[in-house]
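Here is a short note for a colleague opening this structure for the first time. Please keep the 3D view at hand and follow the points in turn.

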Amino acid sequence: NQPAHNPILSQSCGLDIALVIDSSGSIDGLELAQMKAAFAGFVNVFLPMTPTQFSVTDYDFNATVLQAFTGNASSIISAINLPTSGGNTNWQQGLLQAQSTFDPRANNPNLVIFSSDGNANIAGPPLVYGEAAALDAAITVANSIKNAGTRIIALGIGDDLDIANLEKISSADAVYTSNFATLAADMAAMATELRGGTITARKIIDQDGDLQTASDQAPGAGWNFNVAGSPQTTDPAGYTQAVKVDAGTYDVGESLDQDYSLINASCQGANNNGSLSQTTIS
């Protein structure tokens with residue numbers, strides 16, 4: 001069973017990422033807790049600052065979709081925290097259930113982050129035992145996913161890995177390896193690499209002009225910004241779409257509506273976030 005070509009992710013503001021979590025019995029309680037923290041940190045790199053959505057699938061003897069695609073970080077992280085350790089390692093079902101969560105947004109690139117601490121040893125139903133048969137069944141599903149245009153990243157965790165098998169699920173350029181103790185840092189670096197640079201503006205309306213009283217503050221929907229040369233309008237949560245940029249210096253301009261005035265503005269995430277001077281932050 002030959003692996004299919006692993007497609008490259010196209011450039012886009014926001015991905016659809018299916019997280020696939022291995023909770024088989026070879027992963028103890030502490031290691032699973034480290035995995036959960038690392039996956040939660042991965043999600044937090046993307047949300048709420050980019051329009052990325054996640055689904056969450058857990059697998060061991062079988063597999064379960066714990067969360068359909070959503071951009072709600074709290075719901076995603078709650079799903080990540082559900083798995084318990086136990087059972088065999090059924091790569092086929094993990095991939096199959098993750099595949100079932102696509103495609104929530106046809107215009108956004110699709111990605112599967114598939115984690116494992118070892119090798120597949122079971123497939124089905126109907127149940128098939130043995131590493132060779134289990135791997136072959138998993139490759140069949142992985143090929144279906146890749147042939148549909150979805151990229152698969154294989155995340156191998158621990159010291160009992162077979163890199164060649166992970167490459168058959170994904171590809172030689174899409175296998176990441178880590179240990180449980182360093183997984184959080186490694187996944188954060190992976191997320192930063194995948195996300196690239198984006199600029200997002202958010203508008204908040206303060207009714208009384210006093211920033212010390214937050215109860216009268218609400219998101220500003222329908223406000224117009226020019227973000228790095230891209231016209232954007234804020235959504236009901238007050239956010240513009242994330243605009244993808246390379247490293248550099250960019251302008252974000254706001255069209256102020258009549259009867260409103262600027263109270264404050266701030267930036268975060270840049271090398272130098274500056275401070276407000278009249279109506280400009282440099």
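1. Terms first. Two strands pair if DSSP finds at least two bridges between them. Helices (H or I, at least four residues) and strands (E, at least two) are DSSP runs, numbered from the N terminus. This is a predicted model, in which local features need pLDDT of at least 70 and side-chain atom pairs count only at pLDDT 80 or more, while totals for chains, interfaces and linings use all residues. Residues are numbered from 1 along each chain as its sequence is written, and side-chain values use heavy atoms, with hydrogens and water left out.

2. The six-stranded sheet. Its order is β3-β2-β1-β4-β7-β8. The sheet is open, and its pairing is mixed. β3 (63-70) and β8 (175-178) are the edge strands; each has a single partner, so one side of each lacks a neighbour in the sheet. From one strand to the next the twist averages 15°. Angles run from 0 to 180 degrees between N-to-C directions, with axes fitted to C-alpha atoms, for helices over the stretch in contact.

3. β1 and β4 run parallel, joined by five bridges. V20 faces F114 of β4 across this pairing. Helix α1 lies across β1, β2, β4 and β7, at about 175° to β1. Helix α2 also packs on the sheet, touching β1, β2 and β3, and makes about 170° with β3. Contact here means heavy atoms within 4.5 Å.

4. Helix α1. It covers residues 29-46. Its 18 residues should span 26 Å at 1.5 Å a residue, and the end C-alpha atoms are 27 Å apart, which agrees. The expected span is 1.5 Å times one less than the number of residues. At the start of α1, a side-chain oxygen of D28 comes within 3.1 Å of the backbone nitrogen of L30.

5. What is buried in α1? The buried residues are L32, M35, K36, A38, F39, A40, F42, V43, V45 and F46. Buried means under 20% relative accessible area, exposed over 50%, and partly exposed in between (1.4 Å probe, protein chains only). Their cover includes β1 (16-22), β2 (53-59), α2 (73-80), β4 (110-116), β7 (151-157) and α6 (183-195).

6. The cores. A nonpolar core is a set of buried Ala, Val, Leu, Ile, Met, Phe, Trp, Tyr and Cys residues joined through side-chain atoms within 4.5 Å. The largest has 31 residues, of which L19, F42, F46 and I113 touch the most other members. β1, α1, β2, α2, β4, β7 and α6 each supply at least two residues. α1 gives the most, with eight. Leaving out residues up to four places away in sequence, I113 touches I17, A18, L19, V20, F39, F42, I153, M190 and L194. A second, separate core has 26 residues, including A63, W91, F114 and I145.

7. The three-stranded sheet. This open sheet has the order β13-β12-β15, with antiparallel pairing. β13 (230-233) and β15 (252-254) stand at its edges, each with a single partner, so one side of each has no neighbour in the sheet. The twist averages 25° from strand to strand.

8. β12 (residues 224-227) pairs with β13 in the antiparallel sense over four bridges. V227 stands opposite S230, and N226 opposite P231. Two residues lie between the strands, and A228 takes a positive phi near 50°.

Terms used: A polar contact is a pair of N or O atoms within 3.5 Å; within protein, one must be able to donate a hydrogen and the other to accept it, and residues adjacent in sequence count only if both atoms are side-chain atoms.
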